[in-house]
Amino acid sequence: MKNLLFAVLAAGMAMNAMADDKVVIPDSTGFKFTDVKVVKSTAVKDQSKSGTCWCYSTNTFFENEILRKTGKEIHLSEGFVVWHCYFDKAQKYVRMDGKINFAEGGAAEDVPYVWRNYGMMPFDAYTGMTHGAKKFNTSELTAVLSGFLDVVNTKKLKKLTPSWLEGFQGVLNAYMGKIPETFSYEGKTYTPQSFAESLGLNMDDYISVASFTHHPFYKPFTLEVADNWTWAQYQNVPVDELLEIANYAIDHGYTIAWGADVSEPCFKWRKGYAVLPVDHEVPDLKGSDMDRWTQLSTKDRESEKWDIKGPVEEMVVTQENRQEMFDNKETTDDHGMVIVGKAVDQEGNKYFKVQNSWDTNQLYHGFFYVSETYFKAKTMDIYLHKDGIPAKIAKKMGLK
């Protein structure tokens with residue numbers, strides 16, 4: 001998923017989403033949210049200047065699973081996952097003659113892919129940062145790697161030698177550091193594989209779920225987005241059941257890795273909410289007699305239009321208009337986050353509480369509230385433990 005590169009620059013200590021029934025003091029946004037259910041989560045992270053939200057969110061999701069099962073908090077290494085994804089993605093990119101995507105983006109399924117094939121490491125054993133860096137920045141690295149692969153794909157030689165792969169690995173190591181074969185953690189020595197085994201998670205217990213009509217329901221399918229470079233498969237359910245799964249999972253103590261479109265004008269990260277008003281398109285007022293509007297720039301008109309001051313009437317989301325928004329590219333594969341709870345506003349409207357990876361210098365210290373309407377319309381997919389799916393839906397999927 002693509003990082004939108006919001007200016008999330010100030011450092012701060014992350015909050016833990018552990019409080020239930022906490023009323024957030026309203027400010028000028030006009031919203032007053034009450035948490036009705038919050039699942040314990042590890043600290044908010046900062047992906048900084050990188051497009052690796054998919055890794056930050058899914059690593060946090062697995063940290064939450066470890067916390068749920070063992071009560072132990074651990075920070076998993078984002079760098080370990082990103083290094084391996086770059087390396088394997090490059091090989092597929094060359095095999096496909098550059099006809100697939102090579103970028104910072106990825107999907108939730110990338111983390112279990114690395115877990116199965118390479119293991120896992122704690123952040124303290126491998127940060128993926130060099131030269132004293134304290135925050136992730138993969139922009140220069142991605143540009144260098146992309147240029148490297150473009151040269152390889154020019155096919156100036158009739159046959160590729162192993163040198164290109166060794167050179168690519170060298171660039172990764174220069175920017176991210178060489179991954180150690182063994183490391184010490186809490187007084188024990190591990191390999192990445194043995195460390196992953198020690199965490200007690202079975203990757204086969206987790207599943208990706210989506211809702212699209214161009215594939216049959218209750219059957220697995222490959223989601224056609226550029227960042228699904230592993231060609232991972234997703235279970236397909238009607239959108240009302242997607243919402244039911246999300247509510248059931250939170251109610252039963254499971255967090256959810258959430259992939260969604262965050263480019264809507266009423267996705268207000270700084271103000272801590274995301275809603276989808278009934279009239280969610282900016283009108284074309286060019287040539288109208290609305291003098292005040294025509295004197296404003298398009299950007300200013302849009303800004304004023306979406307400067308809402310509290311709960312609003314939201315659009316009715318159907319399977320059909322949700323699909324239309326996906327097909328016409330109004331809903332795109334933007335960002336990965338973690339759903340950790342449920343809440344209501346002062347009018348009783350329902351929301352999910354979401355943990356982001358854009359640091360904590362924001363109204364709710366790294367968390368925000370997304371309406372159920374926004375979730376239904378703008379969710380690309382969710383990733384969760386199979387036990388977080390209601391039995392009747394799991395049976396339709398063939399999981400029971």
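Trainee: What makes strand 5 and strand 6 a pair?

Mentor: The model is a predicted one. Strand 5 (residues 220-222) and strand 6 are joined by 3 bridges, and at least two are needed for two strands to pair, so strand 5 and strand 6 qualify. They run antiparallel, and Phe221 stands opposite Tyr234 in strand 6.

Trainee: How do you know that strand 4 also pairs with strand 6?

Mentor: Strand 4 (residues 206-210) is joined to strand 6 (residues 233-236) by 2 bridges. Because the requirement is at least two bridges, this too is a pair. Here the strands run parallel, with Gln235 in strand 6 as the bridge partner of Val209.

Trainee: Why is helix 2 called roughly parallel to helix 4?

Mentor: The axes of helix 2 (residues 78-95) and helix 4 (residues 139-152) cross at roughly 30° and come within 11 Å. Angles under 35 degrees count as roughly parallel, so helix 2 is described as roughly parallel to helix 4. The crossing is right-handed.

Trainee: Which residues of helix 2 and helix 4 meet?

Mentor: From helix 2, Tyr86, Ala90, Tyr93 and Val94 take part; from helix 4, Leu141, Thr142, Leu145, Leu149, Asp150 and Val152. The residues of this contact of helix 2 with helix 4 comprise 8 nonpolar, 1 polar and 1 charged.

Trainee: Which residues of helix 3 are buried, and against what do they pack?

Mentor: In helix 3 (residues 110-118), the buried residues are Asp110, Val111, Pro112, Val114 and Trp115. They pack against helix 1 (53-70), helix 2, helix 6 (192-198) and strand 13 (379-385). After helix 3 comes Gly119, with a positive phi near 100°.

Trainee: Is His131 buried or exposed, and how do you know?

Mentor: His131 has a relative accessible area of 79%; exposed means over 50%, so His131 is exposed. His131 is in the loop between helix 3 and helix 4. Its phi is near 55°, a positive value in a residue other than glycine.

Trainee: Is Asp359 buried or exposed, and what is the basis for the term?

Mentor: The relative accessible area of Asp359 is 5%. Buried means under 20%, so Asp359 is buried. Asp359 is in the loop between strand 11 (350-355) and strand 12 (367-371), and has a positive phi of about 70° although it is not a glycine.

Trainee: What makes Val370 a buried residue?

Mentor: Val370, in strand 12, has a relative accessible area of 0%, and the limit is under 20%, so Val370 is buried. Leaving aside neighbours within four places in sequence, Val370 is in contact with Trp258, Ala274, Tyr351, Phe352, Val354 and Phe375. Val370 and Lys350 are 20 residues apart in sequence and 8.6 Å apart in space, C-alpha to C-alpha.

Terms used. Residues are numbered from 1 along each chain as its sequence is written. This is a predicted model: local features need pLDDT of at least 70, side-chain atom pairs count only at pLDDT 80 or more; totals for chains, interfaces and linings use all residues. Side-chain values use heavy atoms; hydrogens and water are left out. Axes are lines fitted to C-alpha atoms, for helices over the stretch in contact, and angles run from 0 to 180 degrees between N-to-C directions. Helices (H or I, at least four residues) and strands (E, at least two) are DSSP runs, numbered from the N terminus. Angles under 35 degrees count as roughly parallel, over 145 as roughly antiparallel, 65 to 115 as roughly perpendicular and the rest as oblique. A crossing is left-handed if the near helix is turned anticlockwise from the far one by less than a right angle, and right-handed if clockwise. Contact means heavy atoms within 4.5 Å. Ala, Val, Leu, Ile, Met, Phe, Trp, Tyr, Cys and Pro count as nonpolar, Asp, Glu, Lys and Arg as charged, and the others, Gly among them, as polar. Buried means under 20% relative accessible area, exposed over 50%, partly exposed in between (1.4 Å probe, protein chains only).
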